[in-house]
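Here are my notes for you, as numbered points. Keep the viewer open and find each spot as you read.

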Amino acid sequence: MEAFFLPAAVGQRFCIYHAASGPLARGSLLYIHPFAEEMNKSRRMVALQARAFSNAGYAVLQIDLMGCGDSSGDFADATWESWVQDVTLACEWLRHRSSSPLWIWGLRSGCLIAVEAARRLKPALPLLFWQPSLDGSQVLRQFLRLKSAAEMLSGSAGGVVDSLRRDLVEGKNVEVAGYELAPELASGLERATLAPPHPGTRLEWLEVSSREVTDLPPVVARAKLQWEQAGCSVRYVSVQGPAFWQTIEIEEAPDLISATLTALLEPVEA
Amino acid sequence: MDHMTQVLGILDEVLGLNGRAAAYTKESPLLGAVPELDSMAVVSLITAVEDRFGIVVGDDEIDAATFGTVGSFVDFVERKLSM
């Protein structure tokens, strides 16, 4: 495992590279973390998966996006565009490091960034999405809501959020749950959707649920259809486990780790 | 799985109750009775039901009464689902 700083257009990004163990380099994955506290809560699961990938012959590069984790810059300096550029930069690094097939692996809102980056890269890269956020405006709404937690129970949360949105529209940074959010990040996030990138893209879509999921959830079915109509292939798997990016205590989802390896190793049926 | 069972599962998981929610009934009090249910946990619960049920909760749609009992919370979710 190597930790290093990758020079970016502005500043540098903290990266961790797990080389594939053994002689067989099956592929390389670039991991894109989710937004704010979800990044921190999911660290353990991601570390466990990265280790499992390495043991299975896949290299993994983790990058802290601008203003996040140990990368340079404050969160207040982060813009959506800078995050998309971080992903394309990291892909280039991985391509130089290994000629094995490159994947982008995203968790939650990381998938929204991944999709935009994939659109800018050729050829079509295979994607591994964990519990993808379908809609950046919902991610933003759920994040802004944190500011109004105290007001929520008195039914006056709306005023707090309206005030935040007004500030953002006026070009001012806002503070939510200890994070300073710039308008350029909020607007990019708000516009982001999980739209299919290039035709021919392979998407492995995995989710966890505390209950057994037998049917395709309607929102997933709609997205899957949209991607297939755009000439992409989508395989969806749901396993039992906690929403580890969200739970109050740090949790693990071991079934997700094995299902993820299977998703990459199992050939897609024609 | 019915909505009540799903909501109990979400309560248990988000609040980290380790199975305690399985014993809850519609009358079981939540706010003020479950120590894990603070304002931040309320926000997490709303996000969780939005994600799991595919509903959108407006910022002014909930108040303390929504989380009075398990029943009031389930009723809220079902009202949103029927919209």
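1. Helices (H or I, at least four residues) and strands (E, at least two) are DSSP runs, numbered from the N terminus. Before we use these, remember that this is a predicted model, where local features need pLDDT of at least 70, side-chain atom pairs count only at pLDDT 80 or more, and totals for chains, interfaces and linings use all residues. Residues are numbered from 1 along each chain as its sequence is written, while chains are lettered from A and ligands numbered from 1 in the order in which they are written.

2. Now try the rule on helix 2 of chain A, residues 43-55.

3. Which residues of helix 2 of chain A are buried? They are A:Met45, A:Val46, A:Gln49, A:Ala50 and A:Phe53. They cover an arc of only 135° around the axis, so they sit on the same side of helix 2 of chain A. "Buried" means that 20 or more other C-beta atoms lie within 10 Å of the residue's own; 12 or fewer is exposed, and in between is partly exposed, with C-beta atoms placed from the backbone. The arc is that of the directions from the helix axis to the C-beta atoms.

4. What covers those buried residues? For helix 2 of chain A, the cover includes strand 2 (12-18), strand 3 (27-32), strand 4 (58-63) and helix 10 (254-265) of chain A. Contact here means that the C-beta atoms of two residues, placed from the backbone, lie within 7 Å.

5. Helix 4 of chain A (residues 110-120) is mostly covered, with nine of its eleven residues buried. Among them are A:Leu112, A:Ile113, A:Val115 and A:Glu116. The cover over the buried residues of helix 4 of chain A includes strand 3, helix 3 (80-97), strand 5 (102-107), strand 6 (127-130) and helix 5 (136-144) of chain A.

6. Take a look at the loops on either side of strand 6 of chain A. In the loop between helix 4 and strand 6 you'll find A:Pro123, and the peptide bond from A:Lys122 to A:Pro123 is cis, with omega near -5°. In the loop between strand 6 and helix 5 sits A:Gln131, which has a positive phi of about 45° although it is not a glycine. A:Gln131 counts as buried, because it has 24 C-beta neighbours inside 10 Å.

7. A:Gly69 lies in the loop between strand 4 and helix 3 of chain A. Buried or partly exposed? A:Gly69 is partly exposed, because 16 other C-beta atoms lie within 10 Å. Leaving out residues up to four places away in sequence, A:Gly69 touches A:Phe14, A:Met39 and A:Asp64. A:Gly69 and A:Asn40 are 29 residues apart in sequence, with C-alpha atoms 8.5 Å apart.

8. On to chain B, which has three helices and zero strands. Its radius of gyration is 11 Å, close to the 12 Å that the globule rule gives for 83 residues, so chain B is as compact as a globular protein of that length. That radius is taken over C-alpha atoms, and the rule is 2.2 Å times the number of residues to the power 0.38. Of the 83 residues of chain B, 35% count as buried. In the loop between helix 1 and helix 2 of chain B is B:Asn18, whose phi is positive, near 55°. B:Asn18 counts as exposed, because it has 10 C-beta neighbours inside 10 Å.

9. How do the chains meet? The contact takes 21 residues from chain B and 23 residues from chain A. On the chain B side, helix 2 of chain B gives the most, with eight residues. The residues on that side divide into ten nonpolar, seven polar and four charged. Here Ala, Val, Leu, Ile, Met, Phe, Trp, Tyr, Cys and Pro count as nonpolar, Asp, Glu, Lys and Arg as charged, and the others, Gly among them, as polar.

10. Last, confidence. The mean pLDDT of chain B is 91, and 99% of its residues reach 70 or more; pLDDT is the predictor's confidence in each residue, from 0 to 100. For the complex, the predictor gives an ipTM of 0.81 and a pTM of 0.91.
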